[in-house]
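Open the model in your viewer and keep the sequence panel beside it. The tour below moves from one selection to the next.

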Amino acid sequence: MRDPGGLIILFVMPLVLIITITLIQDGTFRSVSDTSIPILLIDNDKGSVSETVQTQISESGNFEMITSLGEEPLTEERAAEEVFKGKYQLAIVIPENLSRDLKQKVDQNVLTILSSLGFEDNGLEPEEIQPKEIKLYFDPATQQAFKNSVKNGIERMIATIENQSIYKAFGEQLGEDVESHFDQESFIAFREITLTGEENIIPNSVQHNVPAWTLFAIFFIVVPLSINIVKEKQQGTLVRLISNPVPYAVVLAGKTITYLIICLIQFYLMVAVGVYLFPYLDLPSLEVSGHLLLMTLVALFSGLAAIGFGVLLGTVAKTPEQSAPFGATSVVVLAAMGGVWVPVFAMPNVMQYLAVASPMNWGLEAFYDVLLRKGSLTDLLPELILLLLFFIVTVLFAIGYDKKQRAV
Amino acid sequence: MSKTAIEISGLYKKYKDADYFSVNNLSIAIEEGEIFGLLGPNGAGKTTLISMLCGLLKPTSGSFTICGQSYKKNSNEIKKIIGVVPQEIALYPTLTARENLMYFGSMSGISGKDLKLKVESALEKLSLSKFADKKIITFSGGMKRRVNLLAGILHNPQVLFLDEPTVGVDVQSKNVIIDYLKTLNQEGMTIVYTSHHLLEAQDLCTKIAIIDQGKIYAHNTPKELITHTEGANNLEEVFIAITGKELRDAT
């Protein structure tokens, strides 16, 4: 209570962090986004294919299609310029004669098949048709995930158009209304079956973000704790404490308990925000029913690991200028390694090996075990043991280092 | 016959990578009930010696006992009978004077009602009761020094180590501190004290050792030291005669 600024940083900033990040990332997890992204479309085809592409893009609701800029007609050069300047995320250029050439190509293929089956051939030599390409221009700052998602969507759209063209061509050649005979709906579909067996409940941004960023905030305790120890060394209070008949381990135990309480308060505040505040921000509520005890255990052991790291850093560092930036950057590195931003499975092989060595990864996996994999205490034990060992090793190393320093 | 409070024998301390010994084969006995002044220029080894006696630094070799307890065998027992007042204001600036004293008192093994009584009594003795609930950060230099002293004596140690307890304080606060140290001594506390205020040491100390380059160059009562130094009228002149006028900048 003596340091309101410090209290804000300790308790309010993690809440601001978790709300901001969850709001931002929520769109990524939602199947239908609330916002439409404006994209440029240059239709050089003006045929059935480009019409279908435009209809499907419009119907998706994710994009707002722009086909002209002001009075001037939209050219490929102009669109490229606008996109590369970052004014638009994407431009799609549909090539000239795409509909005509696609129809011709499909007709040729169908005729070839039919003639091989004994149907009458028209005797004409097939005209050579060059493959067509739909050009995509992306803003250089666009993330790869967005690019991949757009490319997949367009690929799927083209495949559907090609299929329909093939059915239509067969119908024309056979002189029958084949389209009505063939069921053109996809025969193979997929559906996601979750751990609970319910089909429609999939992990959302809140279930992912709250544990990840809670862990991040818990580990940030490294910064104030290490600064506190360095300051105690500098102002002489540590000398006073050490010259008392209380073992150094008791002094560290006092700090551990205090900072552990801070970590748990942070944790409960963030869970409370996830459960009670998020629904008011149009975010899904954090689902913790039946998991709170196990989540508390994970927070407790993660807090211990963070405190161990803070004690070690504070013991080794000589000035707050050493401990604060190192503490902050190392927490960010551990978070990155641990999979807070990018899932571990999506990392390069080397980083996947390194991730296993990050206490933040153990904590995150333990949280996911509880919240997403419906794990029991037994499932969590390996991660909890690793977090505890990390605490013991770092604290022992700190005590050893301190003793060595006094012996020099 | 008085007992020995501190017995130091052949004590050495050489820091890692240092070219010289900070404490060099130092042997001395300090009797119980003395106010022992450890005087010397900067870098003479005073703070290193006190740090070793308080268990903050490990000697390179040699040994010492405090009230008959060997540091090698009974370092924890030694910590129970000593008090330490560091040169720095070793207090938590955002806590009040009372909170600081309660905390450090509890760390020195006092608890409950006894702790409360001792804290109130100590604050009263150094005229700090009025400011007991003010944060240390708001205190003047002299007030901070007084609280700094109290934090080291709450558990009524047999031997008190003071590293420059009056540095940077006004005359009034200095007088209060010195008078209080005399009272503590009269109650039986042995005091080991370092200072650059030689006239203050001359007035306060019953025995003085002048230390330089880790060695003791003179050891006696202030009066004897002055008497036996040719042309010296006070301790400052004795000090200059022994340690010279050359600057002793130390890091």
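This is a predicted model: local features need pLDDT of at least 70, side-chain atom pairs count only at pLDDT 80 or more; totals for chains, interfaces and linings use all residues.

Which residues does E164(B) touch, not counting residues up to four places away in sequence? Select E164(B): the residues touched are Q87(B), R145(B), T194(B), S195(B) and H196(B), where contact means heavy atoms within 4.5 Å. E164(B) sits in the loop between β7 and α6 of chain B. Helices (H or I, at least four residues) and strands (E, at least two) are DSSP runs, numbered from the N terminus. E164(B) counts as buried because its relative accessibility is 10%; buried means under 20% relative accessible area, exposed over 50%, and partly exposed in between (1.4 Å probe, protein chains only).

Residues are numbered from 1 along each chain as its sequence is written, chains are lettered from A and ligands numbered from 1 in the order in which they are written, and side-chain values use heavy atoms, with hydrogens and water left out.

**The six-stranded sheet of chain B**

Now select the strands β6-β7-β8-β3-β9-β10 of chain B, which form an open sheet in that order with mixed pairing. Two strands pair if DSSP finds at least two bridges between them. At the edges are β6 (82-85) and β10 (215-220) of chain B, each pairing on one side only. Ignoring direction, neighbouring strands here are turned by 15° against each other on average. Zoom in on β3 (residues 35-39) and β9 (residues 207-212) of chain B, a parallel pair with four bridges; L38(B) stands opposite A209(B) in β9(B).

Two helices to display with this sheet are α5 and α6 of chain B. Helix α5 (residues 141-153) packs on the sheet and touches β6 and β7 (159-163) of chain B, its direction making about 160° with that of β6(B). Axes are lines fitted to C-alpha atoms, for helices over the stretch in contact, and angles run from 0 to 180 degrees between N-to-C directions. Helix α6 (residues 171-186) of chain B touches β3, β7 and β8 (190-194) of chain B, at about 160° to β7(B).

**The four-stranded sheet of chain B**

Select β2-β1-β4-β5 of chain B, an open sheet with antiparallel pairing. Its edge strands are β2 (23-31) and β5 (69-70) of chain B. Between β1 (residues 4-13) and β4 (residues 61-66) of chain B there are five bridges, and I6(B) has I66(B) as its bridge partner in β4(B). Helix α1 (residues 46-53) of chain B packs on this sheet, touching β1, β2 and β4 of chain B.

**Across to chain A**

Chain A has 15 helices and six strands, and 43% of its 408 residues count as buried. Select L241(A) in helix α9 (residues 237-242) of chain A. L241(A) counts as buried because its relative accessibility is 0%. Residues touched by L241(A) include V251(A) in chain A, and Y92(B), Y103(B), F104(B) and M107(B) in chain B. The C-alpha atoms of L241(A) and V251(A) are 7.5 Å apart.

Finish at I385(A) in helix α15 (residues 377-407) of chain A. I385(A) is partly exposed, with a relative accessible area of 46%.
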